[in-house]
Structure formats: C-alpha cells, structure tokens
Amino acid sequence: MSRRDQIEKDKQALLSKPWVKNHPIFTYDHIAEFYEMFILYAEPRTKKADVRDILVTAKTLGLTDKFPIIAHALDDLASNYDDAVDFETFISDLTAKLGNPFDQKGRVQLFKLIDVDGKGTLDKGDLQKISEELRFNLNEEDIQEIIHNVAGYEAEDVSEEKFEKYLGKRVQRRQVEQEIYRNK
C-alpha cells in the first residue's frame, strides 16, 4: 500500500470515531483538514508531530499575522509540549485552548484567547480584528450592535463576565433549537 493510500485509510478510520462526530467545536470537515495538515508534519512510524514545526511554518507563511487568535493558541500549545504528540492529543489540547462554548470554563477561556492584549474587556477594535480574522466582514454598525446586545445600550466594550453570560445563553438557546429539530 502506498503512503498516500495509508494516510487516507488512517484518516477514514480517525473520522469514523465517535468523538469526531460529537466534537463540541470542530466540524467533521475541520477535523479532516486539521488531520491533513497535521500528517504532513507527523513522523510516519509514530504518527506524531511536533507542534513547534507547524507553528514555524505558519509564521513563515505569514499566517500568524493573518490569524493571530489561532496563532496565539498554537503558540501556547507549542510551549506546553516537550515532544511530538499524536493527532487526538493535538485536537484535544487545541479544543481546551480555544475554549469549549458549552461550559463556563470554556467560555472564559475563549474570552481570554480573544482578549489578546489582556485588558479584560473587548472593545470595537478587538471585535473588528476578530471579525476580519474569522472573515465575518462586520461593519462598525454591526460591531456596535453586538456590544449593545451583549453589554447594554450605553456600553463601549464587553467584559469577560458579560461575554460569558451572553455566550452561555446563546449556546443554551442553540441546544434547545437543535433538540426541537431532532424531535421533529
């Protein structure tokens, strides 16, 4: 069997695991893309990769400037590893670093990741950066509306507490909607 065939077989085996289908953040397609990127750096025998190698490539390609939130998360991960890791560990640790929106601790972690400057609040500039990085293309009016919806009409920024509460309500509402849809 060729190396490419073996990689495809391993990918299909990975994607058939229950944790992939039920992942709290990443979709099936996200995980497939992550795997294809990860396997480029993995040692063929152990199927482990050094996250620092992935980060160096991202920096070389200018992706850390283009996607600072993800770069920040990868940088934190790379500093926590002394050795290469397998793919499932990588995804599990990246999920923990990005913050699981389904629990309070995860939402707080997400806020801290987005609050790159460590100010404890998110203002229009922070939200504009996030919008651009995630390619949401929000204008100033959209961003102001988000701030008003999360923190109140007169607010100029969003605190960690208000962010966590708002996101918690949105996630809860989404779960209810999904449950209703499943029961139809």
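A salt bridge is a side-chain nitrogen of Lys or Arg within 4 Å of a carboxyl oxygen of Asp or Glu. Keep that in mind for the exercises below.

First, some ground rules: this is a predicted model, where local features need pLDDT of at least 70, side-chain atom pairs count only at pLDDT 80 or more, and totals for chains, interfaces and linings use all residues. Residues are numbered from 1 along each chain as its sequence is written, and side-chain values use heavy atoms, with hydrogens and water left out.

**Exercise 1. Find out which residues are linked with Lys11 in a network of salt bridges, and look at its pair with Glu36.**

Step 1. A search of the whole structure turns up eleven salt bridges.

Step 2. Arg4, Glu8, Lys11 and Glu36 are linked in a network of these bridges.

Step 3. Zoom in on one pair: the side chains of lysine 11 and glutamate 36 meet at 2.4 Å, N to O. Lysine 11 sits in helix H1 (residues 3–15) and glutamate 36 in helix H3 (residues 28–41), so you've got a link between distant parts of the chain, 25 residues apart. Helices here are DSSP runs of H or I with at least four residues, strands are runs of E with at least two, and both are numbered from the N terminus.

Step 4. Check how covered the two partners are. Buried means under 20% relative accessible area, exposed means over 50%, and partly exposed is in between (1.4 Å probe, protein chains only). Lysine 11 has 9%, so it is buried, while glutamate 36 has 35% and counts as partly exposed.

**Exercise 2. Work out which parts of the chain are tied together by the salt bridge between Glu88 and Lys17.**

Step 1. The side chains of glutamate 88 and lysine 17 meet at 2.5 Å, N to O.

Step 2. Glutamate 88 lies in helix H7 (residues 87–98) and lysine 17 in the loop between H1 and helix H2 (18–21), so the pair ties together parts that are 71 residues apart in sequence.

Step 3. Glutamate 88 is partly exposed at 32%, and lysine 17 is partly exposed at 33%.

Now try another bridge from helix H7. Lysine 97 pairs with aspartate 76, with the closest N and O atoms 3.9 Å apart. Since lysine 97 is in helix H7 and aspartate 76 in helix H6 (residues 68–80), this pair ties together parts 21 residues apart in sequence. Lysine 97 is buried at 18%, whereas aspartate 76 is partly exposed at 26%.

**Exercise 3. Identify the residues that touch the most other members of the largest nonpolar core.**

Step 1. A nonpolar core is a set of buried Ala, Val, Leu, Ile, Met, Phe, Trp, Tyr and Cys residues joined through side-chain atoms within 4.5 Å.

Step 2. The largest one has 42 residues, and Val51, Phe87 and Phe90 touch the most other members.

Step 3. Follow phenylalanine 90. Skipping neighbours within four places in sequence, its contacts (heavy atoms within 4.5 Å) include Phe34, Met37, Val51 and Tyr81.

**Exercise 4. Describe the surroundings of Phe111.**

Step 1. Phenylalanine 111 belongs to helix H8 (residues 104–114), and at 1% relative accessibility it counts as buried.

Step 2. Leaving out neighbours within four places in sequence, phenylalanine 111 is in contact with residues including Gly120, Thr121, Val158 and Phe163.

Step 3. Take threonine 121: it is ten residues from phenylalanine 111 in sequence, and 8.7 Å away in space, C-alpha to C-alpha.
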